[in-house]
Amino acid sequence: MKNIYDIAYDLEKELRQQPSFEELKEAFIAVQKDPEAKALFAEFTGMQQEIQMMQMTGQPLEEDYIENAQEIAGRASENELIKGMMTAEQQLSTVIEDINKIIVRPLQEMYQENTEPTE
């Protein structure tokens, strides 16, 4: 029987060869090569990280902060390079979600089998 971690590393290698990963990689490189897109993407991801930290620490999001975050997100979604990268990221995310569903299927089946009413 193959070591489960070896299988995970094999899956990682296969994921890197998927067209959706290659598309994301190319889109990311395009964003990094464009100074305007790169700066906007950095601003956008920085804002996302700040929001996550605030949520994790229970800090409330002020109205002006939310408006600023929405404005940054709007500008990012209008940038063609960033928009292309987000589309590619979503496609890869779908692949990863599908893989995750397959991986957790044994747990789901086990819980379903053991929670069904018995007579």
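These are my notebook entries on a predicted model.

**Ground rules**

I count residues from 1 along each chain as its sequence is written. Local features need pLDDT of at least 70, side-chain atom pairs count only at pLDDT 80 or more, totals for chains, interfaces and linings use all residues, and side-chain values use heavy atoms, with hydrogens and water left out.

**Entry: the aromatic pair**

I looked for paired rings. The rule takes rings of Phe, Tyr and Trp (its six-membered ring) with centres within 6.5 Å; planes under 30 degrees apart are stacked, over 60 edge-to-face, and the rest tilted. By this rule I get one aromatic pair. The ring centres of Phe28 and Phe41 are 6.4 Å apart and their planes stand at 75°, so I file the pair as edge-to-face. Phe28 lies in helix α2 (residues 19–33) and Phe41 in helix α3 (residues 35–56), so the pair ties together parts that are 13 residues apart in sequence. Helices here are DSSP runs (H or I, at least four residues), as strands are (E, at least two), numbered from the N terminus.

Phe28 has 38% relative accessibility, so I note it as partly exposed. Phe41 has 16%, so Phe41 counts as buried.

**Entry: the nonpolar core**

Next I checked the core. A nonpolar core is a set of buried Ala, Val, Leu, Ile, Met, Phe, Trp, Tyr and Cys residues joined through side-chain atoms within 4.5 Å. The largest one has 18 residues. Val31, Met47, Ile82 and Met85 have the most contacts inside it. Which elements give two or more residues to this core? They are α2, α3, α4 and α5. Helix α3 gives the most, with seven residues.

Contact means heavy atoms within 4.5 Å. Neighbours within four places in sequence aside, Ile82 is in contact with Val31, Ala37, Leu40, Phe41 and Ala76. Phe41 is the buried member of the ring pair above.

Asn79 sits in the loop between α4 and α5. Its relative accessibility is 13%, so Asn79 counts as buried. Setting aside neighbours within four places in sequence, I find Asn79 in contact with Glu36, Ala37 and Leu40.

Leu15 is in helix α1. With neighbours within four places left out, Leu15 is in contact with Phe21, Leu92, Val95 and Ile96. I looked up Leu15 and Val95 together: they are 80 residues apart in sequence and 8.9 Å apart in space, C-alpha to C-alpha.

**Entry: salt bridges**

How many salt bridges are there? A salt bridge is a side-chain nitrogen of Lys or Arg within 4 Å of a carboxyl oxygen of Asp or Glu. By this rule I get five. I noted three of them in detail.

- Arg16 and Glu12 meet at 2.8 Å, N to O. Both lie in helix α1, four residues apart, about one turn of the helix. Arg16 is partly exposed at 45% relative accessibility, and Glu12 is partly exposed at 33%.
- Arg75 and Glu43 meet at 3.1 Å, N to O. Arg75 lies in helix α4 (residues 63–78) and Glu43 in helix α3, so this pair ties together parts that are 32 residues apart in sequence. Arg75 is partly exposed at 33%, and Glu43 is partly exposed at 34%.
- Glu80 and Lys83 meet at 3.1 Å, N to O. Both lie in helix α5 (residues 80–115), three residues apart, about one turn of the helix. Glu80 is exposed at 58%, while Lys83 is partly exposed at 35%.

I also found a network of salt bridges that links Glu43, Glu71 and Arg75.

**Entry: a surface patch**

Patches are made of residues with over 30% relative accessible area and no salt bridge; like charges are joined within 9 Å, and nonpolar side chains (Val, Leu, Ile, Met, Phe, Trp, Tyr) within 5 Å. Accessible areas come from the Shrake-Rupley method with a 1.4 Å probe, and for residues only the protein chains shown count as cover. Ile4, Tyr5, Ile7 and Tyr9 make a nonpolar patch of about 490 Å². Ile7 is in helix α1 (residues 4–16). Its relative accessible area is 39%, so Ile7 is partly exposed.

Methods: Buried means under 20% relative accessible area, exposed over 50%, partly exposed in between (1.4 Å probe, protein chains only).
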